[in-house]
Amino acid sequence: MAPLMERIGLEAPGCDRHGYTIYTLETHLCYRREAHQGQPLEVALTLLDRDAKRLHAFFTLFDEEGNLLATSEQMLMGMNRESGRPDAFPVPVAEAIAALPHADAGAWPELAGRTIGIRR
């Protein structure tokens with residue numbers, strides 16, 4: 001699978017063409033197993049939610065045997081590069097986002113939506 005920015009048309013030339021990029025507002029990483037340098041890996045993406053300028057994304061990292069190595073849940077914000085302010089996704093980017101795999105509200109991956117804290 002191509003990286004997210006590439007899949008939605010925001011690789012370097014796309015960012016320049018649209019004057020737009022994406023910032024990470026928050027991320028939650030869960031390491032499940034060790035990965036090794038040079039090891040073949042696969043990343044899968046599921047959109048948990050989105051609106052005109054934000055993405056709530058869930059990434060899973062697998063080894064070549066399909067073992068889950070890590071997850072990353074992220075809140076991403078679309079930014080107008082000229083103004084430096086949040087802005088709606090350009091139309092071609094929004095269309096590419098609509099084509100990404102989405103999870104139904106009741107069918108999020110098991111490890112999504114976790115909170116961090118010391119359990120008492």
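How many nonpolar, polar and charged residues are in the lining of the largest pocket? By class, that lining has five nonpolar, four polar and three charged residues. Here Ala, Val, Leu, Ile, Met, Phe, Trp, Tyr, Cys and Pro count as nonpolar, Asp, Glu, Lys and Arg as charged, and the others, Gly among them, as polar.

## Ground rules

What you're looking at is a predicted model, where local features need pLDDT of at least 70 and side-chain atom pairs count only at pLDDT 80 or more, while totals for chains, interfaces and linings use all residues. Residues are numbered from 1 along each chain as its sequence is written, and side-chain values use heavy atoms, with hydrogens and water left out.

## The largest pocket

A pocket is an open set of points on a 1 Å grid over the protein atoms alone, where a 1.4 Å probe fits, with protein on both sides within 12 Å along at least five of seven lines; lining residues have an atom within 4 Å of a point. The lining of the largest pocket includes His-28, Leu-29, Cys-30, Thr-71 and Glu-73.

Strand E1 (20–31) and strand E4 (68–80) are the elements that give two or more residues to this lining. E1 supplies the largest share, three residues. Strands are DSSP runs (E, at least two residues), numbered from the N terminus.

## Tucked-away residues

Cys-30 counts as buried because its relative accessibility is 16%, and buried means under 20% relative accessible area (1.4 Å probe, protein chains only). Cys-15 is buried too, at 7%.

Thr-60 sits in strand E3 (residues 54–63) and is buried at 15%. Leaving aside neighbours within four places in sequence, Thr-60 is in contact (heavy atoms within 4.5 Å) with Glu-42, Val-43, Ala-44, Leu-68, Ala-70 and Thr-71.

Conventions. Helix = DSSP H or I, 4+ residues; strand = E, 2+ residues; numbered from the N terminus. Buried < 20%, exposed > 50% of the residue type's maximum accessible area, 1.4 Å probe, protein only.
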